[in-house]
Amino acid sequence: MNAPIIPRQSRKVRLAIKQELICPYCGNESELVTGRTIYPHRRDLYDRLFYHCAPCEAHVGCHRASKKYGVETVPLGRLANAELRALKIKAHEAFDPLWMNSRQYRGIAYRWLADKMRIPLDDCHIGLFNEDQCKQVFMLCQSGQDTLLLHSRGANGPNAYR
Ligand SMILES: [Zn+2]
């Protein structure tokens with residue numbers, strides 16, 4: 001076992017955790033559980049932590065412990081029920097091809113998305129989005145692909161986007 005990482009979290013991170021403790025569907029406090037509760041058939045997730053609201057069948061995973069996040073109780077986003085989880089997967093399917101696993105284009109793509117959604121770049125994470133925002137992502141990705149294609153063909157960019 002690794003030595004536990006000493007929690008040293010910024011105020012922002014602590015606030016984020018506090019917010020995520022509340023289930024957005026019922027308003028009750030969620031519970032911190034391990035992957036064993038959520039995915040009993042996934043032994044590889046048994047050591048991961050999740051915030052879970054059993055009555056709403058809503059959950060969200062946590063970041064792995066790291067320098068940036070300190071302990072591993074920092075949620076990846078808000079709690080999501082089955083419907084929202086499916087929408088987030090679809091939002092990623094629509095959005096991720098725009099940056100094609102390129103770090104360089106990922107930044108451009110997220111800036112573009114934040115701009116179109118009129119939200120701060122810091123809040124622009126599909127993990128944090130609600131149902132309407134996920135739907136907005138599909139719409140924008142459909143209509144915005146051409147704009148991004150042009151951006152990606154800047155002076156230094158290879159023609160990575162076909
Ligand atoms: Zn709930």
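Guide: Helices and strands are runs assigned by DSSP and numbered from the N terminus. Keep in mind that this is a predicted model.

Visitor: How many helices and strands are there in the chain?

Guide: The chain has five helices and three strands. Along the sequence, they follow the pattern α-β-α-β-β-α-α-α.

Visitor: How many bridges join strand β2 to strand β3?

Guide: Strands pair if DSSP finds at least two bridges between them. Here, four bridges link β2 (residues 49-53) with β3 (residues 58-61), and the two run antiparallel. Tyr-51 sits opposite Val-60 in β3.

Visitor: What lies between β2 and β3?

Guide: Four residues do, and the two strands form a hairpin. Look at Glu-57 in the turn: its phi is positive, about 50°.

Visitor: And the side chains of a strand? Where do they go?

Guide: In a regular strand, they alternate between the two faces of the sheet.

Visitor: Now the core. Which residues touch the most other members of the largest nonpolar core?

Guide: Leu-79, Ala-91, Phe-95, Ala-109, Leu-113 and Val-137 do, out of 26 residues in that core. β2, β3, α3 (82-99), α4 (103-117) and α5 (131-152) each give at least two residues to this core. The largest share, six residues, comes from α3. Domain 1 (11-79) and domain 2 (83-152) each contribute at least three.

Visitor: What does Ala-91 touch?

Guide: Leaving out residues up to four places away in sequence, Ala-91 touches Ile-126, Phe-129, Cys-134, Val-137 and Phe-138.

Visitor: What share of the chain counts as buried?

Guide: Of its 162 residues, 21% do. As for contacts with a separation of 6 or more, 51% join residues 24 or more positions apart.

How values were computed. Residues are numbered from 1 along each chain as its sequence is written. This is a predicted model: local features need pLDDT of at least 70, side-chain atom pairs count only at pLDDT 80 or more; totals for chains, interfaces and linings use all residues. A nonpolar core is a set of buried Ala, Val, Leu, Ile, Met, Phe, Trp, Tyr and Cys residues joined through C-beta atoms within 7 Å. A residue is buried if 20 or more other C-beta atoms lie within 10 Å of its own, exposed if 12 or fewer, and partly exposed in between; C-beta atoms are placed from the backbone. Domain bounds come from an automatic or database domain assignment. Two residues are in contact if their C-beta atoms, placed from the backbone, lie within 7 Å.
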